[in-house]
Amino acid sequence: QGDRADCLFYLRLGQAKLTIVSKGGKEATVTLLAPGDFFGEECMAGPNVLRTTSATAITVCVVLKIASEELTRVLHEEHAFSYLFVPFLAFRSTRTQADLVDQLFNNSERRLARTLLIMADYGNESGPEALIPPVTQETLANMIGTTRSRVSFFMNRFRRLGYISYKSRI
């Protein structure tokens, strides 16, 4: 966050998270990244743009780095890449808008439930994942804008209702 945005990244293997830190020092998790995700797309906005988030590996990751100039060339000349990247950008934009609406209009319990469903790929053609990526209650709290103790309370409620099960993984 704050560095010059001069390249795009593609997560090939592993899991990571994007976080942002306010001027007051408060940190929030913006999203979790999975294999096949791009990040750092602000590099397309121009040469003097700064990164708005920081990426942190959750597990061991393999990341492909694409310089801005190369990205521009590849988008124009390699249509297969464009057909992969442009829908990703549209999906990310739609998801960001949905996250904002969720934050504005839903309570923290609903935001947690939505976040867990997204992490489990619920609604995906191949069906939901049996295990979601490893994530702490603190990270979940940062993602939905509440405290870890509230997340713990809701997770226990979800477990009692039979919606989730977890010991070391959800």
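In what order do the 3 strands of the open sheet stand? The order is β3-β2-β5, and the pairing is antiparallel. This is a predicted model, in which local features need pLDDT of at least 70, side-chain atom pairs count only at pLDDT 80 or more, and totals for chains, interfaces and linings use all residues. Residues are numbered from 1 along each chain as its sequence is written, and side-chain values use heavy atoms, with hydrogens and water left out.

Strands here are DSSP runs of E with at least two residues, and helices are runs of H or I with at least four; both are numbered from the N terminus. Two strands pair if DSSP finds at least two bridges between them. β3 (27-33) and β5 (54-57) stand at the edges with a single partner strand each, so one side of each lacks a neighbour in the sheet. Neighbouring strands are turned by 30° against each other on average, direction ignored. Strand β2 (residues 16-21) pairs with β5 over 4 bridges, in the antiparallel sense. There, K17 has T56 of β5 as its bridge partner. Helix α4 (residues 137-144) packs on this sheet and touches β2 and β3. The direction of α4 makes about 100° with that of β3. Such angles run from 0 to 180 degrees between N-to-C directions, with axes fitted to C-alpha atoms, for helices over the stretch in contact.

Other strands pair as well. Strand β1 (residues 7-13) and strand β6 (residues 62-67) are antiparallel over 6 bridges. L11 is bridged to V63 in β6. β1 also pairs with strand β4 (residues 38-39), antiparallel over 2 bridges. F9 stands opposite F39 in β4.

Now the helices. The axes of α3 and α5 come within 10 Å and cross at roughly 65°. That makes α3 roughly perpendicular to α5 (65 to 115 degrees). Contact, meaning heavy atoms within 4.5 Å, involves S108, E109, L112, A113 and L116 of α3. From α5 come R150, V151, F154, M155, R157 and F158.

The largest nonpolar core holds 18 residues. A nonpolar core is a set of buried Ala, Val, Leu, Ile, Met, Phe, Trp, Tyr and Cys residues joined through side-chain atoms within 4.5 Å; buried means under 20% relative accessible area, with a 1.4 Å probe and protein chains only. L112, L116, I132, L140, V151, M155 and I170 touch the most other members. α3 (108-119), α4 and α5 (148-160) each give two or more residues to this core. Beyond its neighbours within four places in sequence, I170 contacts L116, A130, L131, I132, L140, M155 and S165. A second, separate core has 10 residues, including A5, L71, F85 and F88.

Notes
Buried < 20%, exposed > 50% of the residue type's maximum accessible area, 1.4 Å probe, protein only. Parallel < 35°, antiparallel > 145°, perpendicular 65-115°, else oblique.
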